[in-house]
Amino acid sequence: EQCQYDVNECEETPRICGSGHVECVNNNGSYDCRCQEGYATDDQGVCKDTNECEVATTCGELERCSNVPGSFHCDCLTGYNRQHDGNCTDIDECKEKTSGCQQICSNVEGSYNCDCQYGYRLNADRKTCSQIVNPCG
């Protein structure tokens, strides 16, 4: 006599594969245990987080990769914002008036520089200016 149906071991015994980022996959007449997405088996057969950030092409060149358990996310580098199309573009801190430059602001890719008008010098904070007593002298 032949069996007519497959027993779904995964449903009948939910923890048949144990715990620790393992999932059960029912097969015809059997089942397999495999790591959940974002995990891979180590030398001892334990499912460990895969660090997707170790792959150079995970994120774009203007992004920083952050590994999280079972996944990853890409954040724009400092000085860049994510646009609606998903790309990171330079923030113009001068145009947005967020630089803190007292006198002159020059936007550069991913950052900005402060400068001072003639007769002033840039202070150590790289934002404010002090008047030079005798600019000609």
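How many bridges join strand 1 to strand 2? I counted through the pairing and found six, between residues 22–27 of strand 1 and residues 30–35 of strand 2, with the two running antiparallel. Strands here are DSSP runs (E, at least two residues), numbered from the N terminus, and two strands pair if DSSP finds at least two bridges between them.

I note that the model is predicted, so local features need pLDDT of at least 70 and side-chain atom pairs count only at pLDDT 80 or more, while totals for chains, interfaces and linings use all residues. Residues are numbered from 1 along each chain as its sequence is written, and side-chain values use heavy atoms, with hydrogens and water left out.

**First hairpin.** I looked up Val-25 and found its bridge partner in strand 2, Asp-32. Two residues lie between strand 1 and strand 2, and Gly-29 in this hairpin has a positive phi near 85°.

**Another hairpin.** I then read strand 9 (residues 104–108) and strand 10 (residues 111–115), which are antiparallel and joined by five bridges. Ser-106 faces Asn-113 of strand 10 as its opposite residue. This hairpin also has two residues between its strands, and Gly-110 takes a positive phi near 80°.

**Asn-123.** I located Asn-123 in the loop between strand 11 (120–122) and strand 12 (129–131). Is Asn-123 buried or exposed? Asn-123 counts as buried because its relative accessibility is 17%; buried means under 20% relative accessible area (1.4 Å probe, protein chains only). Leaving out residues up to four places away in sequence, I found Asn-123 touching Thr-128, Cys-129 and Ser-130, where contact means heavy atoms within 4.5 Å.

Conventions: Helices (H or I, at least four residues) and strands (E, at least two) are DSSP runs, numbered from the N terminus. Buried means under 20% relative accessible area, exposed over 50%, partly exposed in between (1.4 Å probe, protein chains only).
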